[in-house]
Amino acid sequence: MKVLLIEDDDKKSEQIQEFFKGFIPEPEIIHRKSYQSGLKEIFTNSFDVVLLDMQLPTFDIKFGDDGYKFRNLAGHDILRELKRKKKFCKVIIITQFETFGEGENYIELNDLKSKLKSEFDGYYLGTVYYNPSQYKWVNDLRTLINNVLNDGENTYSRG
Amino acid sequence: MAKKKGSSTRRQKRQLERDIKKSNANYTKGLDNIFYSLKYKLSSQANKKNITEFEAKFPGFIEGKVLPRTIKELRSIGKLYSENNLIREVEWYHPILKKYAKEINEFLQLQLHYECKFLVGDYEQAKQVLKKIESICVSHWSMEQQFFIEEYANGITYNKQLLNNISSTDNDLIVNLLAIYQSAKAEKNLSILNYNKLITDFVGNFKNEQIKEYFRFKLLPFEHVSNTQNGFILGVESTSSIIDRYLAFIRIIINEIVDDQQDSQKIDYLKNVAHDLSLLINDNRLKSINSLFGVNKYIASENDKNFLRIVDLYTKGNYQEVIHACPNYLRENAYRFELYEILNKSYLLSSSDFINIFPEDSLANEIFEDVFHIITKNDFTNQSLFDSFKINSSFSNFSWSCKHFSFIINEYAFHNQSIAYIKKGFLHSPYLNPAQCIIYEDKKVSIDYLNHYKAITYDSSTINFWIDIQQSFINHGIEIPIISADEFRNVLYNIKVKQEKGKNKEALYDYIHIESNEQFSFQTRLSFYKLEILHGKLLCYLGLNDFLPALELVTSSLIENPSYSNKLKFEILIDKVLNAETEELVRNISAPILLHQYNAPYASIWIAYDNFLSAYDIEYGSQFFKVLHLFDNNKVIYFLKHICVPEVYNSSWKFETQDELDNERIEICLLLAKIDEGNKTNYFNEIAEISRGLLIRKGIKQIDESKIYVDVNGIKSSIEKEVKEIFIRSQILASVSLNEVQKLLNKKESYVIAYFGNETSEDKKFSESNIKLASLSKVEYFFEIFRKIRDKFIGSNEFGLDTYISMRIRHGTLVGEIRSAFEKYKLVTKKNSSLNKYETNRYWLSKLAFINNGQQIELDNQFNLLSSSIDNMSEEFKNKILQIQTEEKITGGYFDYSYSDDELFALFSKHFASIEEYDEFFDHIIQNLWERTEKNLLKVRTYILQELKPKAESQLFSFLNFIEDTFKKIDYAEVNELNQSMILCRTALESVFNKITTWFQRSNNKNINNFDIKLPIEASLFTLKRIYTSFSEFSPRMEINSNTYFEGEYFTQFADLIQILLDNIIQHSRLTCSELYVIIQVIERNSEICITIQNNISDRIDLNELNERINETNQIMNDLSLQDKIRKEGGTGYIKIKKILFVDLKRKNYEIKIQNVGEDFIFKSNISFSLENLQKR
């Protein structure tokens, strides 16, 4: 299984990668840390599933660089670009926040889920609420990945 | 069921009767209950007898203090109950308003008189009228006017003095709370944004939605759009003065009637109350409510007729006569807002010069000029709109404010948003106006109103003009031409009627015709008529679903005059462009332009931009030159100027860094300079500004990468004499033969040493061909030289590594950088050094004010713990890890330069003994020390990423666990916000530690080739703003008079110098960012540069103590030696500045002078030094 993980939090990335290693034999995981590098990876390669953080810096944070602007809804922006450029991908959002944005752009997680479902039907598989102190996220992610795997099998068997 | 309800009501009534009989004044709780029952449990009709009895027994308990004589008396009696029952409150208001109709009438008359005096700036007279009003009663309204008079007549100090007087009195809580914000409302220089924020923050403190609504109603009436709590608001106002009650009542009734037509039973009831009151209270607003329901009982005064005569002059096109008649009338009746517009339009229509008829500095003068700019659609239009919103927000309780608001909103808002406000504007008007006929939905009711108006005034052209219009709507079959106004308006309104009747094709034809009609060329060139025609045409296109011409019309018109944007905004056009269903629309350059003109979010503009470029196979805006010829030049310029900006194309994955975004913008500016030559200076200025940003980022990178530094040349020259001598002596010692060496080699007392004849690797064989011998003395000399150079390398006050680590890392920067991630989310507080205690985290504790006391204390402890853990961790890193260690000085520091004798023997035999030249020998030692430094730096970097960062994360994690455990059952947005802040802080920590890691790398990059003096100032400011998050708005005034370009290698030293000075100011002035005022002056004279920095300091600072310290520092500055103090952290850093000048910049002539601080509490220091050899050659 080829996985693209777009996540800027190292701790969270480690745990997600650990999850895959314990769940799928020899997963191929590519890790990117910003809106731009993530999008570039998606447009230049193909993945079975993309795991996407909702909030990301625009560019990779390198030595002496601060990543430019922080995008509060980077995950949404990436999905929008995929749909717009018709690059098909299965996307799981994995976030540790319950609310996003501020002022006019403020949105709560449940509303965001419905928005993503209606806007990106076919791309968006679901959202996992990540809380490092609990195991629920692992189960939730496992369920979604199983869906991807089953869907893949069905596709192959249909094909 | 009905019977049961009836008997229950009777039971309650009887119980009340018994309670009233038993009640006495000493048992107030009992009285409160009775009052509550009287007000809310039974209808007022059923209670009539009980109410009378209760009122007779306890006078004033029901009515409250209707006519307070002083502020203290305001709300002093009366029970505050409110159940948010609008009808019940109006039932209670109704008899009281009738009872005090005389006082209300008196107030209404004086109110207009007061407003006129205030508007024209006659504050003395206004004060006298206000006194008369206050002799009726004191009110929140009159209190607000007192603040206005103090602010406008005497300035803000008097305003605040009045506030102090009120606040220091033991008034009712609501009175004192409102006073604070009424005082702010009156402040001339408080922007509308800041005022709104102030009120929103204040209101946000309340959990109760009803209380929030009450304060919004009182303090932000035009923002207050919800009618859901009107019953509650009236309930709260029912304990205030009769004036406040009436003003709240009338505003709420109008809001209800305009906004909520659904509940016909409620509207009927309110209409009847308004009608009943209009029989006693002489208020045009009550009559207008009646008129809305077909009952016209207006009375026209002579003043009203005079007003109508002026409006008639305008209608007939006699503009010069308007200009002649208006000023005197308007100065006497400055609240008649329509005439501000009519007079201004008359100036334009008669090509007369604008003359402001109101006294200078008066409020009316300001409003009049704003109206002129808004109508003219000039460069000041948007500013005038903004200023008008501010005025409107301040004077929201003035009689003209609703009409003023409807005027601004009509000029500003999206189409249709303004209709409700126009309606409210007329309904709130204290006088008659024929144009009011537009608010009636039924045209026959409009005509009735106009006929009644004519009957009580005279045969007015304006009334006839409006009758023409209304009739032409009624007559669907036959066209009835509008003929009562001047010719142009007759034609224009005939077209408007066609368009409103849905005859879009015909109307469009007529609009185009009128635009090209020579006869009307003067009028159609006037901005307000031009806009009216454009607006009409646009409505026709939209009515015909003809979107492409609509798009072209809007974009071209707004390129020509951006001030039209507010009136030409239509959501449907945005939807069309965003959905871009046709190829024609995607390939249309106007699509992204329209989104920008409509202030759409950059994310939406990006999509239109990218779709558009992709349609022409273009990847970057800078490649647009390939297709320039396909589009209208004005649109190309607009596209490149406003759409091809980093905020738009930062959504592209093709740019990898901010520098790439900026370079793309530079390319676009160059292209713009070619095709828009007239504005090329602007584009070159923009390029210069972007380049400056690029340079600052480079500079900061250079600073970050230069923290690990040793001045090797300085060391070499400072010890050359001494060390070279030892080296030469060691070279003179003769070698001995190999046989003798082999015998002696393994003996402890050996005095000769074997070494490789050439510098060699570890595995080279020990054989005659490559081994030479030296005496032990030579080795001892080597040890001595190596250790001397090593000690200078690490410990020299002037040149050594420890000095630079101290100056550039340990001195504030490190702790500040680590704290910055936490401070950004307000998770840590500062330590109060005198109390040796961390300050309470007021930000979060006040946000979480709803938790109980015990939880507050525990939370405060946890915040303190987090602050102290983070500081301790940073201190430990600074004081233990970032220290130098040698074989003699065991500190545990990671900069370990210990060399055992064995190590040195090995170095000597393999690398150094064979070297015969001093320079080579010295360079080899330095190279070895750098190699050791690299190892040390790797250890530090590993420590940061593997120990320090996890430590900080674990502190945060413990805190997060505490919050989760404590608040797991509390579902409040604020707890969620705190959680979110901690998670964001963790991500920010990642970036902070990555950044700190870059400090512990050596780099030979020279990013800056040359620089002017402003660059290190800007780079230092950038760094300090990042470290001190509460100083993110820090903005010293710069007065730079220097043209010198300095050699890039000195950039870091200049930046260090400036940063020390500015850091001092932030740390020692004891002022907040908004209180601090800093001036940086740089001048050049006689090949010398002089940097002067002055700032204010807190007047709480002890001047004697400060001046003593200044004198001491000045003495140290005059001392020629550089003390160990250089490496001490804390203090003011002047010694470090001295070191930068003397050692790093090698200045022989320099002066550092701090002036003594006087009673003005201004701290000033001058640093001057020669420019020699610093300039870029």
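## Basis of the model

Helices (H or I, at least four residues) and strands (E, at least two) are DSSP runs, numbered from the N terminus. This is a predicted model, in which local features need pLDDT of at least 70 and side-chain atom pairs count only at pLDDT 80 or more, while totals for chains, interfaces and linings use all residues. Residues are numbered from 1 along each chain as its sequence is written, chains are lettered from A and ligands numbered from 1 in the order in which they are written, and side-chain values use heavy atoms, with hydrogens and water left out.

## Chain B overall

Chain B contains 51 helices and 13 strands. Of its 1177 residues, 57% are buried (under 20% relative accessible area; exposed is over 50% and partly exposed in between, with a 1.4 Å probe and protein chains only).

Contact means heavy atoms within 4.5 Å. Taking the contacts in chain B between residues at least 6 apart in sequence, 69% join residues at least 24 apart.

## Nonpolar cores

A nonpolar core is a set of buried Ala, Val, Leu, Ile, Met, Phe, Trp, Tyr and Cys residues joined through side-chain atoms within 4.5 Å. The largest one has 226 residues, and Phe118(B), Tyr340(B), Phe624(B) and Phe639(B) touch the most other members. Helix H13 (residues 242–259) of chain B gives the most to this core, namely twelve residues. A second, separate core has 110 residues, among them Ile708(B), Tyr825(B), Tyr894(B) and Leu978(B).

With neighbours within four places in sequence left aside, Phe118(B) is in contact with Tyr123(B), Ala126(B), Phe148(B), Ile149(B), Tyr152(B), Leu363(B), Phe395(B) and Phe398(B).

## Gly699(B)

Gly699(B) sits in helix H37 (residues 680–705) of chain B and is buried, at a relative accessible area of 0%. Gly699(B) and Glu1075(B) are 376 residues apart in sequence, with 29 Å between their C-alpha atoms.

## Interface between chains A and B

The size of an interface is often given as the accessible area lost when the parts come together. Chain A and chain B bury about 3,100 Å² between them, 50% of it on carbon and sulfur atoms (buried area is the accessible area, with a 1.4 Å probe, that two parts lose on being put together, summed over both). The contacts involve 34 residues of chain A and 35 residues of chain B.

Six salt bridges are counted between chain A and chain B (a side-chain nitrogen of Lys or Arg within 4 Å of a carboxyl oxygen of Asp or Glu). One salt bridge joins the side chains of Arg84(A) and Asp610(B), at 2.6 Å from N to O. The elements giving two or more residues to the side of chain A that touches chain B are helix H1 (10–23), helix H2 (35–44), strand E5 (70–71), helix H3 (74–84) and strand E7 (99–100) of chain A. H2(A) provides the largest share of that side, five residues.

Arg84(A) and Asp610(B) also belong to a network of salt bridges that includes Arg71(A), Asp77(A), Arg80(A), Glu81(A) and Lys85(A).

## Salt bridges within chain B

Over all chains, the salt bridge count comes to 67. Glu887(B) and Arg787(B) pair through their side chains at 3.1 Å, N to O. Glu887(B) lies in the loop between strand E5 (884–885) and strand E6 (895–896) of chain B and Arg787(B) in helix H40 (residues 776–795) of chain B, so the pair ties together parts 100 residues apart in sequence. Glu887(B) is partly exposed, at a relative accessible area of 25%.

Glu977(B) and Lys847(B) form another salt bridge, at 3.1 Å from N to O. This pair links helix H47 (residues 973–999) of chain B, which holds Glu977(B), with helix H43 (residues 842–847) of chain B, which holds Lys847(B), 130 residues apart. Glu977(B) is partly exposed at 28% relative accessibility, and Lys847(B) is partly exposed at 26%.

## Positive phi outside glycine

Glu26(A) has a positive phi of about 45° although it is not a glycine. Glu26(A) lies in the loop between H1 and strand E2 (28–32) of chain A and is exposed, at 76% relative accessibility.

Asn599(B), not a glycine, has a positive phi of about 55°. The loop between helix H32 (590–597) and helix H33 (602–615) of chain B holds Asn599(B), which is exposed at 61% relative accessibility.
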